[in-house]
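Please look through the sequence and the model shown here.

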Amino acid sequence: MKHFTTLLFTLITLSAAAQGTPQAKEILDKAAAKVKALPAAEVIFTLSMENPEEGIEETHNGHAWMKGNLYRLDLMDVENYYDGEVIYTYMPDVQEVNIKNPSDEEEGFLNPATLFDIHNQGFTQKLVSHTGGIAYIELTPTEEKGFSKIGIWVNTADSSIRKVTSFGKDGNQITISITRITTPSPLPSDAFFRFDTAAHPDVEVIDLR
């Protein structure tokens with residue numbers, strides 16, 4: 001789940017690079033600025049996982065929200081919340097919620113101020129093609145990662161992200177396809193990004209803080 005969450009927010013906040021082709025950076029910067037300008041973001045997407053050698057082919061629908069340094073992600077029958085202080089992972093099937101403090105790495109990752117600056121470090125970038133109004137850009141990590149590259153497809157007419165794919169070195173290919181990114185109306189309250197244990201008395205609370 002952590003990998004899926006990382007990939008999703010890589011897509012939303014554009015993990016582009018400070019080095020590489022200027023045209024690729026300009027396209028990604030415009031797309032990032034479009035999302036950053038929203039007071040809050042609601043994202044509808046599908047996530048697919050493929051590994052031909054292992055016979056893996058799965059598709060899942062997902063729903064995510066971001067506001068300030070808060071987020072909620074519903075994916076694969078798990079609800080993930082971050083209220084700016086703690087992470088809640090709610091599993092309805094087993095009526096259990098885990099509560100934990102984020103690690104330093106997770107805290108930096110969850111802070112949009114950090115996320116929106118990721119595109120200035122960590123990757124080289126290349127504009128591979130630009131046809132039919134869709135730019136395809138490949139990001140290659142400058143340090144050892146579990147994936148060889150990330151591909152991002154951008155509609156340059158409106159600077160919207162269409163799709164992002166992580167090409168894993170283990171043969172796993174994870175793709176997030178965006179249906180839409182909009183401003184939710186009304187804007188969600190801060191409480192929306194916190195799992196309400198009092199409202200779910202039958203849920204077992206495992207506090208890992």
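The model is predicted, so local features need pLDDT of at least 70 and side-chain atom pairs count only at pLDDT 80 or more, while totals for chains, interfaces and linings use all residues. Residues are numbered from 1 along each chain as its sequence is written, and side-chain values use heavy atoms, with hydrogens and water left out.

Begin with strand 4, residues 70-75. Strands here are DSSP runs (E, at least two residues), numbered from the N terminus. Six of the six residues of strand 4 are buried, so this strand is largely enclosed by the rest of the structure. Buried means under 20% relative accessible area, with a 1.4 Å probe and protein chains only. In a regular strand the side chains alternate between the two faces of the sheet. Both faces of strand 4 are covered: L70, R72 and D74 are buried on one side, and Y71, L73 and L75 on the other.

Which strands does strand 4 pair with? Two strands pair if DSSP finds at least two bridges between them. Strand 3 (residues 56-67) pairs with strand 4 in the antiparallel sense, over six bridges. Strand 5 runs antiparallel to strand 4 and is joined to it by five bridges. D74 stands opposite H63 on one side, and its bridge partner in strand 5 is E79. Two residues lie between the strands in the hairpin of strand 3 and strand 4, where G68 takes a positive phi near 60°. The hairpin of strand 4 and strand 5 also has two residues between its strands, and there M76 takes a positive phi near 55°.

Turn now to the rings. The structure holds seven aromatic pairs. Rings of Phe, Tyr and Trp (its six-membered ring) pair if their centres lie within 6.5 Å; planes over 60 degrees apart count as edge-to-face, under 30 as stacked and the rest as tilted. One of the pairs is Y81 with F195, edge-to-face at 5.9 Å centre to centre and 65° between the planes. Y81 lies in strand 5 and F195 in the loop between strand 12 and strand 13, so the pair ties together parts that are 114 residues apart in sequence. Y81 is buried, with a relative accessible area of 5%, and F195 is buried at 4%.

F195 also pairs with Y90: the centres are 4.6 Å apart and the planes at 40°, so this pair is tilted. Y90, in strand 6 (residues 87-91), is 105 residues from F195. Y90 counts as buried, at 7% relative accessibility.

How values were computed. Helices (H or I, at least four residues) and strands (E, at least two) are DSSP runs, numbered from the N terminus. Buried means under 20% relative accessible area, exposed over 50%, partly exposed in between (1.4 Å probe, protein chains only).
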